[in-house]
Amino acid sequence: MSTSGLPERVAVIGGGRMGSGIAHAFLMAGAEVTVVEQNATAASEARERILTAVEGSVRRGSPAPDPARLLVTVTWEALNGAGLAIEAVPELLDLKREALARAEQLLPVDAVLATNTSSLSIDALADGLTRPGAFLGLHFFNPVPASTLVEVVLGTATAATAGEAAERWVRALGKTAITVRDSPGFASSRLGVLLGLEAIRMVEEGVATPDGIDTAMELGYKHPVGPLRLTDMVGLDVRLDIAEYLARELGPRFEPPELLRRMVDEGMLGRKTGQGFFAWGEDGSPIATAGERPR
Ligand code: NAI
(Lines give C-alpha, C1' and ligand atoms only; values in the text may rest on other atoms or scores of the structure.)
Protein backbone atom coordinates (compact mmCIF):
# COMPACT_ATOMS: atom_id res chain seq x y z
CA MET A 1 0.00 0.00 0.00
CA SER A 2 1.35 3.45 -0.90
CA THR A 3 1.20 6.52 1.35
CA SER A 4 -1.90 7.69 -0.57
CA GLY A 5 -3.83 4.69 0.79
CA LEU A 6 -4.06 3.25 -2.72
CA PRO A 7 -2.44 0.00 -3.81
CA GLU A 8 1.14 0.64 -4.94
CA ARG A 9 0.22 -0.60 -8.41
CA VAL A 10 -3.16 -0.49 -10.14
CA ALA A 11 -3.89 -2.20 -13.45
CA VAL A 12 -6.57 -1.20 -15.95
CA ILE A 13 -7.62 -3.63 -18.67
CA GLY A 14 -8.84 -1.73 -21.74
CA GLY A 15 -7.71 1.86 -22.12
CA GLY A 16 -10.70 3.29 -24.03
CA ARG A 17 -12.84 6.19 -22.93
CA MET A 18 -13.44 4.85 -19.41
CA GLY A 19 -10.18 2.92 -18.94
CA SER A 20 -8.11 6.01 -19.81
CA GLY A 21 -10.14 8.12 -17.41
CA ILE A 22 -9.72 5.57 -14.62
CA ALA A 23 -5.97 5.29 -15.31
CA HIS A 24 -5.68 9.09 -15.18
CA ALA A 25 -7.52 9.23 -11.84
CA PHE A 26 -5.22 6.68 -10.18
CA LEU A 27 -2.06 8.26 -11.65
CA MET A 28 -3.02 11.70 -10.36
CA ALA A 29 -3.74 10.18 -6.92
CA GLY A 30 -0.21 8.76 -6.72
CA ALA A 31 -0.48 5.11 -7.83
CA GLU A 32 1.67 3.38 -10.42
CA VAL A 33 -0.65 2.46 -13.29
CA THR A 34 -0.42 -0.33 -15.86
CA VAL A 35 -2.89 -0.34 -18.74
CA VAL A 36 -3.28 -3.51 -20.79
CA GLU A 37 -4.64 -3.02 -24.30
CA GLN A 38 -5.53 -5.44 -27.07
CA ASN A 39 -3.03 -4.27 -29.72
CA ALA A 40 -0.23 -1.76 -30.29
CA THR A 41 -2.43 0.85 -32.00
CA ALA A 42 -5.00 0.80 -29.20
CA ALA A 43 -2.17 0.96 -26.65
CA SER A 44 -0.59 4.03 -28.21
CA GLU A 45 -4.00 5.74 -28.48
CA ALA A 46 -4.70 4.94 -24.82
CA ARG A 47 -1.31 6.34 -23.77
CA GLU A 48 -1.97 9.51 -25.74
CA ARG A 49 -5.43 9.97 -24.15
CA ILE A 50 -4.07 9.48 -20.63
CA LEU A 51 -1.10 11.83 -21.12
CA THR A 52 -3.35 14.51 -22.63
CA ALA A 53 -5.65 14.26 -19.60
CA VAL A 54 -2.63 14.44 -17.27
CA GLU A 55 -1.40 17.59 -19.07
CA GLY A 56 -4.84 19.15 -18.63
CA SER A 57 -4.82 18.42 -14.89
CA VAL A 58 -1.29 19.80 -14.51
CA ARG A 59 -2.31 22.98 -16.40
CA ARG A 60 -5.17 23.38 -13.93
CA GLY A 61 -2.70 23.22 -11.04
CA SER A 62 -2.35 19.53 -10.05
CA PRO A 63 1.18 18.30 -9.31
CA ALA A 64 2.67 16.45 -12.29
CA PRO A 65 2.95 12.68 -11.80
CA ASP A 66 6.21 11.00 -12.81
CA PRO A 67 5.57 9.72 -16.39
CA ALA A 68 7.56 6.59 -15.50
CA ARG A 69 4.61 5.59 -13.27
CA LEU A 70 2.49 4.89 -16.35
CA LEU A 71 2.96 1.72 -18.40
CA VAL A 72 0.66 1.02 -21.36
CA THR A 73 1.27 -2.40 -22.79
CA VAL A 74 -0.17 -5.35 -24.71
CA THR A 75 1.60 -7.78 -22.35
CA TRP A 76 -0.84 -9.22 -19.83
CA GLU A 77 1.99 -10.46 -17.60
CA ALA A 78 2.36 -6.80 -16.56
CA LEU A 79 -0.66 -7.40 -14.28
CA ASN A 80 1.66 -9.37 -12.05
CA GLY A 81 2.10 -7.44 -8.79
CA ALA A 82 -0.95 -5.17 -9.04
CA GLY A 83 -3.03 -4.80 -5.85
CA LEU A 84 -6.11 -3.81 -7.84
CA ALA A 85 -7.09 -4.49 -11.46
CA ILE A 86 -10.08 -2.83 -13.10
CA GLU A 87 -11.50 -4.30 -16.28
CA ALA A 88 -12.89 -1.70 -18.73
CA VAL A 89 -13.22 -3.60 -22.03
CA PRO A 90 -16.43 -3.23 -24.11
CA GLU A 91 -19.78 -4.20 -22.58
CA LEU A 92 -19.91 -7.80 -23.86
CA LEU A 93 -20.40 -10.60 -21.34
CA ASP A 94 -18.08 -13.17 -22.94
CA LEU A 95 -15.34 -10.66 -23.72
CA LYS A 96 -15.42 -9.44 -20.13
CA ARG A 97 -15.49 -12.96 -18.66
CA GLU A 98 -12.48 -13.92 -20.72
CA ALA A 99 -10.54 -10.79 -19.70
CA LEU A 100 -11.43 -11.26 -16.02
CA ALA A 101 -10.41 -14.94 -15.94
CA ARG A 102 -7.13 -14.11 -17.65
CA ALA A 103 -6.43 -11.26 -15.23
CA GLU A 104 -7.27 -13.39 -12.19
CA GLN A 105 -4.60 -15.94 -13.13
CA LEU A 106 -1.90 -13.27 -13.25
CA LEU A 107 -2.82 -11.18 -10.20
CA PRO A 108 -1.43 -11.82 -6.70
CA VAL A 109 -3.86 -13.90 -4.59
CA ASP A 110 -4.64 -10.96 -2.31
CA ALA A 111 -5.45 -8.54 -5.15
CA VAL A 112 -8.93 -7.15 -5.77
CA LEU A 113 -10.36 -7.62 -9.27
CA ALA A 114 -13.01 -5.13 -10.40
CA THR A 115 -15.17 -4.49 -13.45
CA ASN A 116 -16.38 -1.12 -14.69
CA THR A 117 -19.49 -2.66 -16.26
CA SER A 118 -22.38 -0.24 -16.48
CA SER A 119 -25.11 -2.87 -16.73
CA LEU A 120 -23.95 -6.49 -16.57
CA SER A 121 -24.55 -8.57 -13.46
CA ILE A 122 -21.54 -8.95 -11.15
CA ASP A 123 -22.66 -12.50 -10.34
CA ALA A 124 -22.86 -13.38 -14.04
CA LEU A 125 -19.36 -11.95 -14.60
CA ALA A 126 -18.02 -13.80 -11.54
CA ASP A 127 -19.09 -17.12 -13.01
CA GLY A 128 -15.85 -18.90 -13.90
CA LEU A 129 -13.60 -16.97 -11.51
CA THR A 130 -11.71 -18.99 -8.92
CA ARG A 131 -11.67 -16.13 -6.35
CA PRO A 132 -15.14 -14.53 -6.64
CA GLY A 133 -14.71 -13.18 -3.09
CA ALA A 134 -12.12 -10.72 -4.42
CA PHE A 135 -14.32 -9.56 -7.31
CA LEU A 136 -16.70 -6.58 -7.41
CA GLY A 137 -17.98 -3.75 -9.58
CA LEU A 138 -16.37 -0.30 -9.55
CA HIS A 139 -18.78 1.73 -11.64
CA PHE A 140 -17.04 4.96 -12.60
CA PHE A 141 -19.00 7.62 -14.48
CA ASN A 142 -18.17 9.41 -17.70
CA PRO A 143 -16.20 11.67 -17.90
CA VAL A 144 -14.20 10.21 -14.99
CA PRO A 145 -12.31 13.38 -13.92
CA ALA A 146 -15.51 15.44 -13.59
CA SER A 147 -17.58 12.71 -11.92
CA THR A 148 -17.30 12.36 -8.18
CA LEU A 149 -19.51 9.28 -7.77
CA VAL A 150 -18.36 5.66 -7.97
CA GLU A 151 -20.78 2.80 -7.33
CA VAL A 152 -19.13 -0.11 -5.51
CA VAL A 153 -21.20 -3.11 -6.58
CA LEU A 154 -21.10 -6.21 -4.40
CA GLY A 155 -21.83 -9.60 -5.90
CA THR A 156 -23.27 -12.46 -3.85
CA ALA A 157 -19.78 -13.87 -3.28
CA THR A 158 -17.90 -10.58 -2.77
CA ALA A 159 -16.04 -10.58 0.57
CA ALA A 160 -16.76 -7.66 2.93
CA THR A 161 -13.03 -6.89 3.06
CA ALA A 162 -12.89 -6.40 -0.71
CA GLY A 163 -15.86 -4.02 -0.60
CA GLU A 164 -14.33 -2.02 2.26
CA ALA A 165 -10.98 -1.76 0.47
CA ALA A 166 -12.75 -0.55 -2.68
CA GLU A 167 -14.62 2.14 -0.72
CA ARG A 168 -11.31 3.32 0.81
CA TRP A 169 -9.62 3.50 -2.59
CA VAL A 170 -12.49 5.50 -4.06
CA ARG A 171 -12.13 7.99 -1.20
CA ALA A 172 -8.35 8.16 -1.84
CA LEU A 173 -9.20 9.27 -5.41
CA GLY A 174 -11.18 12.17 -3.93
CA LYS A 175 -14.46 10.62 -5.06
CA THR A 176 -17.52 9.39 -3.15
CA ALA A 177 -18.42 5.70 -3.06
CA ILE A 178 -21.89 4.32 -2.59
CA THR A 179 -22.25 0.60 -2.07
CA VAL A 180 -24.89 -1.23 -4.04
CA ARG A 181 -25.95 -4.86 -4.05
CA ASP A 182 -25.68 -6.45 -7.50
CA SER A 183 -29.04 -5.66 -9.12
CA PRO A 184 -30.08 -4.42 -12.59
CA GLY A 185 -29.21 -0.77 -13.21
CA PHE A 186 -27.42 -0.61 -9.82
CA ALA A 187 -28.68 2.53 -8.00
CA SER A 188 -27.89 5.32 -10.45
CA SER A 189 -29.21 4.01 -13.79
CA ARG A 190 -32.30 2.46 -12.23
CA LEU A 191 -33.48 5.72 -10.70
CA GLY A 192 -32.14 8.06 -13.40
CA VAL A 193 -33.67 6.10 -16.27
CA LEU A 194 -37.06 5.86 -14.55
CA LEU A 195 -37.18 9.64 -14.10
CA GLY A 196 -36.21 10.14 -17.75
CA LEU A 197 -38.90 7.71 -18.96
CA GLU A 198 -41.61 9.41 -16.92
CA ALA A 199 -40.52 12.81 -18.27
CA ILE A 200 -40.89 11.43 -21.82
CA ARG A 201 -44.37 10.08 -20.98
CA MET A 202 -45.27 13.58 -19.73
CA VAL A 203 -44.17 15.09 -23.09
CA GLU A 204 -46.22 12.39 -24.85
CA GLU A 205 -49.31 13.30 -22.82
CA GLY A 206 -48.79 17.05 -23.35
CA VAL A 207 -48.46 17.74 -19.61
CA ALA A 208 -45.82 20.44 -20.22
CA THR A 209 -43.12 21.33 -22.75
CA PRO A 210 -39.72 19.57 -22.51
CA ASP A 211 -38.24 22.84 -21.25
CA GLY A 212 -41.01 23.18 -18.67
CA ILE A 213 -40.46 19.63 -17.39
CA ASP A 214 -36.70 20.11 -17.15
CA THR A 215 -37.12 23.44 -15.43
CA ALA A 216 -39.40 21.79 -12.84
CA MET A 217 -36.59 19.43 -11.85
CA GLU A 218 -33.77 21.98 -12.15
CA LEU A 219 -35.41 24.73 -10.10
CA GLY A 220 -37.84 22.68 -8.03
CA TYR A 221 -35.57 19.79 -7.15
CA LYS A 222 -32.12 21.30 -7.72
CA HIS A 223 -31.10 18.79 -10.39
CA PRO A 224 -28.12 20.27 -12.29
CA VAL A 225 -29.60 19.09 -15.61
CA GLY A 226 -33.24 18.20 -16.31
CA PRO A 227 -34.16 14.61 -17.26
CA LEU A 228 -34.89 15.40 -20.92
CA ARG A 229 -31.69 17.36 -21.58
CA LEU A 230 -29.83 14.54 -19.83
CA THR A 231 -31.55 12.01 -22.12
CA ASP A 232 -30.42 14.10 -25.12
CA MET A 233 -26.85 14.18 -23.78
CA VAL A 234 -26.67 10.44 -23.08
CA GLY A 235 -28.33 9.56 -26.41
CA LEU A 236 -31.95 8.42 -26.91
CA ASP A 237 -30.75 5.13 -28.43
CA VAL A 238 -28.57 4.41 -25.39
CA ARG A 239 -31.48 5.21 -23.06
CA LEU A 240 -33.83 2.99 -25.10
CA ASP A 241 -31.44 0.03 -24.82
CA ILE A 242 -31.12 0.45 -21.06
CA ALA A 243 -34.89 0.85 -20.63
CA GLU A 244 -35.54 -2.35 -22.61
CA TYR A 245 -32.98 -4.22 -20.50
CA LEU A 246 -34.46 -2.91 -17.23
CA ALA A 247 -38.02 -3.72 -18.42
CA ARG A 248 -36.91 -7.31 -19.04
CA GLU A 249 -35.16 -7.55 -15.67
CA LEU A 250 -37.36 -5.45 -13.38
CA GLY A 251 -40.76 -5.29 -15.03
CA PRO A 252 -43.11 -3.10 -17.06
CA ARG A 253 -42.48 0.11 -15.11
CA PHE A 254 -39.37 0.47 -17.30
CA GLU A 255 -41.27 -0.14 -20.57
CA PRO A 256 -40.01 2.54 -23.02
CA PRO A 257 -42.65 5.11 -24.05
CA GLU A 258 -43.81 5.02 -27.69
CA LEU A 259 -42.40 8.54 -28.23
CA LEU A 260 -38.88 7.35 -27.32
CA ARG A 261 -39.07 4.46 -29.81
CA ARG A 262 -40.42 6.78 -32.54
CA MET A 263 -37.70 9.39 -32.02
CA VAL A 264 -34.98 6.71 -32.16
CA ASP A 265 -36.53 5.28 -35.37
CA GLU A 266 -36.48 8.77 -36.88
CA GLY A 267 -32.80 9.26 -35.98
CA MET A 268 -33.49 11.94 -33.36
CA LEU A 269 -30.89 10.60 -30.96
CA GLY A 270 -30.19 13.80 -29.02
CA ARG A 271 -27.02 15.88 -28.90
CA LYS A 272 -25.00 13.60 -31.18
CA THR A 273 -27.47 14.05 -34.07
CA GLY A 274 -28.27 17.72 -33.34
CA GLN A 275 -31.89 17.02 -32.37
CA GLY A 276 -33.64 15.23 -29.55
CA PHE A 277 -36.07 16.83 -27.13
CA PHE A 278 -33.98 19.97 -27.75
CA ALA A 279 -31.86 21.34 -30.64
CA TRP A 280 -28.06 21.10 -30.32
CA GLY A 281 -25.31 22.93 -32.23
CA GLU A 282 -22.48 21.18 -34.05
CA ASP A 283 -20.16 21.97 -31.15
CA GLY A 284 -22.55 20.16 -28.79
CA SER A 285 -23.93 23.33 -27.20
CA PRO A 286 -27.69 23.79 -26.76
CA ILE A 287 -29.62 25.99 -29.22
CA ALA A 288 -32.51 27.74 -27.49
CA THR A 289 -35.80 27.86 -29.40
CA ALA A 290 -38.96 29.91 -28.83
CA GLY A 291 -40.54 29.19 -25.46
CA GLU A 292 -37.36 27.91 -23.83
CA ARG A 293 -35.93 29.54 -20.77
CA PRO A 294 -32.59 31.19 -21.67
CA ARG A 295 -29.61 29.25 -20.23
P1 NAI B 1 -14.34 1.92 -25.27
O2 NAI B 1 -14.77 1.18 -26.48
O3 NAI B 1 -14.03 3.37 -25.34
O4 NAI B 1 -13.05 1.20 -24.66
C5 NAI B 1 -12.85 -0.18 -24.60
C6 NAI B 1 -11.35 -0.44 -24.73
O7 NAI B 1 -11.10 -1.82 -24.49
C8 NAI B 1 -10.80 -0.13 -26.13
O9 NAI B 1 -9.69 0.74 -26.01
C10 NAI B 1 -10.39 -1.50 -26.66
O11 NAI B 1 -9.24 -1.44 -27.50
C12 NAI B 1 -10.10 -2.26 -25.38
N13 NAI B 1 -10.22 -3.71 -25.52
C14 NAI B 1 -11.13 -4.43 -26.23
N15 NAI B 1 -10.90 -5.74 -26.08
C16 NAI B 1 -9.83 -5.86 -25.25
C17 NAI B 1 -9.13 -6.96 -24.72
N18 NAI B 1 -9.48 -8.20 -25.00
N19 NAI B 1 -8.08 -6.72 -23.91
C20 NAI B 1 -7.70 -5.46 -23.60
N21 NAI B 1 -8.33 -4.37 -24.08
C22 NAI B 1 -9.39 -4.57 -24.89
O23 NAI B 1 -15.48 1.64 -24.17
P24 NAI B 1 -15.81 2.50 -22.86
O25 NAI B 1 -16.88 3.49 -23.16
O26 NAI B 1 -14.54 2.92 -22.23
O27 NAI B 1 -16.52 1.36 -21.96
C28 NAI B 1 -15.78 0.40 -21.26
C29 NAI B 1 -16.63 -0.18 -20.16
O30 NAI B 1 -17.04 0.86 -19.28
C31 NAI B 1 -17.92 -0.85 -20.63
O32 NAI B 1 -18.19 -1.94 -19.82
C33 NAI B 1 -18.97 0.24 -20.43
O34 NAI B 1 -20.27 -0.30 -20.25
C35 NAI B 1 -18.47 0.85 -19.13
N36 NAI B 1 -18.92 2.21 -18.88
C37 NAI B 1 -18.99 3.12 -19.91
C38 NAI B 1 -19.44 4.42 -19.66
C39 NAI B 1 -19.51 5.42 -20.77
O40 NAI B 1 -20.21 6.43 -20.60
N41 NAI B 1 -18.83 5.21 -21.90
C42 NAI B 1 -19.85 4.85 -18.29
C43 NAI B 1 -19.64 3.84 -17.29
C44 NAI B 1 -19.22 2.56 -17.58
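Trainee: Which element does Val72 lie in, and what makes it a strand?

Mentor: Val72 lies in strand β3, residues 70-73. Strands here are DSSP runs of E with at least two residues, while helices are runs of H or I with at least four, both numbered from the N terminus. This is a predicted model, where local features need pLDDT of at least 70 and side-chain atom pairs count only at pLDDT 80 or more, while totals for chains, interfaces and linings use all residues. Residues are numbered from 1 along each chain as its sequence is written, and side-chain values use heavy atoms, leaving out hydrogens and water.

Trainee: Why is Val72 called buried?

Mentor: Its relative accessibility is 16%. Buried means under 20% relative accessible area, exposed means over 50%, and partly exposed is in between, with a 1.4 Å probe and protein chains only. Val72 therefore counts as buried.

Trainee: What about Glu48: which face of α2 carries it?

Mentor: Glu48 sits on the face turned away from the buried side of α2, together with the exposed residues Ala40, Thr41 and Arg59. The buried residues of α2 are Ala42, Ala43, Ala46, Ile50, Val54, Gly56 and Ser57. They cover an arc of only 160° around the axis, so they are on the same side of α2. That arc is taken from the directions from the helix axis to the C-beta atoms.

Trainee: How do you know what span to expect for helix α2?

Mentor: The expected span is 1.5 Å times one less than the number of residues. Helix α2 (residues 40-59) has 20 residues and reaches 28 Å from its first C-alpha to its last, close to the 28 Å expected.

Trainee: What makes the peptide bond between Asn142 and Pro143 stand out?

Mentor: It is a cis bond, with omega about -5°. Pro143 is in the loop between β6 (135-140) and β7 (149-154). Most residues other than glycine have a negative phi, and most peptide bonds are trans.

Trainee: Why is the pair of Asp127 and Arg97 called a salt bridge?

Mentor: A salt bridge needs a side-chain nitrogen of Lys or Arg within 4 Å of a carboxyl oxygen of Asp or Glu. The closest N and O atoms of Asp127 and Arg97 are 3.8 Å apart, and the pair forms a salt bridge. Asp127 lies in the loop between α4 (122-126) and β6, and Arg97 in helix α3 (residues 93-106), so the pair ties together parts that are 30 residues apart in sequence. Asp127 is exposed at 53%, whereas Arg97, at 25%, is partly exposed.

Trainee: How many salt bridges does the structure hold?

Mentor: Eleven. One of them joins Glu218 and Arg229, with the closest N and O atoms 4.0 Å apart. Glu218 is in helix α7 and Arg229 in helix α8, so this pair ties together parts that are eleven residues apart in sequence. Both residues are buried. They also belong to a network of salt bridges with Asp211, Asp214 and Glu292. Another pair is Glu255 and Arg261, at 3.4 Å from N to O. Glu255 is partly exposed at 39%, and Arg261 is partly exposed at 25%.

Trainee: What makes Leu230, Met233, Val234 and Val238 a patch?

Mentor: Patch residues have over 30% relative accessible area and no salt bridge; nonpolar side chains (Val, Leu, Ile, Met, Phe, Trp, Tyr) are joined within 5 Å, and like charges within 9 Å. Leu230, for one, has 34% and is partly exposed. The four residues form a nonpolar surface patch with about 260 Å² of accessible area together, by the Shrake-Rupley method with a 1.4 Å probe, where only the protein chains shown count as cover for residues. Helix α8 (residues 227-234) gives the most to this patch, with three residues, and Leu230 is in that helix.
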